[in-house]
There are 2 protein chains.
Amino acid sequence: MLPGRTHVPHDCRVVADVLTRIGDKWSVFVVMLLGEKDCRFSELQRAASSISKRMLTLTLRRLERDGLIERTVFSTLPPSVHYALTPLGRSLRGPIDMLGHWVVDHQKEIVAARERFDAHSPGRRHDL
Amino acid sequence: MLPGRTHVPHDCRVVADVLTRIGDKWSVFVVMLLGEKDCRFSELQRAASSISKRMLTLTLRRLERDGLIERTVFSTLPPSVHYALTPLGRSLRGPIDMLGHWVVDHQKEIVAARERFDAHSPGRRHDL
DNA sequence: CGGAATCCGTAAGGATACTG
DNA sequence: CAGTATCCTTACGGATTCCG
């Protein structure tokens, strides 16, 4: 994978595992939001209007557990909780942005490929 | 996300969608394998020894549908099928490698963060 | 406000058996 | 060899309710 490094299948698996983690339904969205500015729980919920409270909580906990975001509780009344990227979380923004650029730059090709595939595909396919 | 670009929530969603696609359990693994050399179905299966035949087929079909890999059938006996990255698929190697480097470079921090979190976390948590 | 707990439907994914 | 078809179990994720 690195120029000059030989390919190590194990590394592929680690990469795939982490991709599966941050590639879940909401993690990237949250990291990108927090990359712009720190947010409270309710701000995140408004920004991602379709996320359920439960999934936002789960997403934030997992990101916190992986050391990507930091959670600060202000025991005011009513309470307020503050989320921010850690240095580790900020270091992820570069790679995420690279992927973001690639997607934006190639999404038309992907959509076109799908339409071609679906048009030429024989019969019905129930999955994919 | 781009320096000089303002943040567009919609782009985040597109990125998240594609990440969810290629962030599934096997896509990255397959793309990285094919990035090194074209492979037959059985070669891929041996390289990813724990993947089921069913999931390998599904993964390959989806990657083909998205225009990332090309499938070539040789109607010999027994038949042989050949998989290779398309130019679009090859263009994804850069971003994937960036992410790969990030994971390899930071996996110790991630593991450490998890252990810290799990150690300090009060009581039992059934999920995450 | 910021969750945690519960319930529930759907989809992901493995194992196995069969086929051209 | 390279799949397809089927079954079955688990995980994901939404909706709702309750709590400090």
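Reply: **The sheet of chain A and what packs around it**

A:Arg40 stands opposite A:His82 in β3(A). Two bridges join β1(A) to β3(A), and these strands run antiparallel. Strands here are DSSP runs of E with at least two residues, helices are runs of H or I with at least four, and both are numbered from the N terminus. Two strands pair if DSSP finds at least two bridges between them.

The model is predicted, so to speak of a local feature requires pLDDT of at least 70 and a side-chain atom pair counts only at pLDDT 80 or more, whereas totals for chains, interfaces and linings use all residues; side-chain values use heavy atoms, with hydrogens and water left out. Residues are numbered from 1 along each chain as its sequence is written, while chains are lettered from A and ligands numbered from 1 in the order in which they are written.

In chain A, three strands make up an open sheet in the order β1-β3-β2, with antiparallel pairing. The edges are β1 (39-40) and β2 of chain A, each of which pairs on one side only. Helix α2(A) packs on this sheet and touches β1, β2 and β3 of chain A; the direction of α2(A) makes about 90° with that of β3(A). Contact means heavy atoms within 4.5 Å. Axes are lines fitted to C-alpha atoms, for helices over the stretch in contact, and angles run from 0 to 180 degrees between N-to-C directions.

Between β2 (69-74) and β3 (80-85) of chain A there is a loop, and A:Pro78 is placed in it. The peptide bond joining A:Leu77 and A:Pro78 is cis, with omega about 0°.

Two packed helices are described by the angle between their axes and the distance between the axes. Helix α2 (residues 27-36) of chain A packs with helix α4 (residues 53-65) of chain A at an angle of about 70°, their axes being 10 Å apart. The two helices α2(A) and α4(A) are therefore roughly perpendicular. That word covers 65 to 115 degrees; angles under 35 count as roughly parallel, over 145 as roughly antiparallel, and the rest as oblique. On the α2(A) side the contact is made by A:Ser27, A:Val30 and A:Val31, and on the α4(A) side by A:Leu56, A:Thr59, A:Leu60 and A:Leu63. By class, this contact of α2(A) with α4(A) has five nonpolar, two polar and no charged residues. Ala, Val, Leu, Ile, Met, Phe, Trp, Tyr, Cys and Pro count as nonpolar, Asp, Glu, Lys and Arg as charged, and the others, Gly among them, as polar.

The contact of α4(A) with α6(B) has two nonpolar, no polar and five charged residues.

B:Arg114 also meets A:Asp66, side chain to side chain, in a salt bridge (2.5 Å, N to O). A salt bridge is a side-chain nitrogen of Lys or Arg within 4 Å of a carboxyl oxygen of Asp or Glu. The rule finds four salt bridges across the interface of chain A and chain B. The contact takes 57 residues from chain A and 56 residues from chain B. Between them the chains bury about 5,500 Å², 72% of it on carbon and sulfur atoms; buried area is the accessible area (1.4 Å probe) that two parts lose on being put together, summed over both.

Chain B has its own open sheet, with three strands in the order β1-β3-β2 and antiparallel pairing. Six bridges join β2(B) to strand β3 (residues 80-85) of chain B. Within β3(B), B:Tyr83 stands opposite B:Arg71, and B:Leu85 is the bridge partner of B:Ile69. A hairpin of five residues links β2(B) to β3(B). B:Pro78 is found in the loop between β2 and β3 of chain B, and a cis peptide bond joins B:Leu77 to B:Pro78, with omega about 0°.
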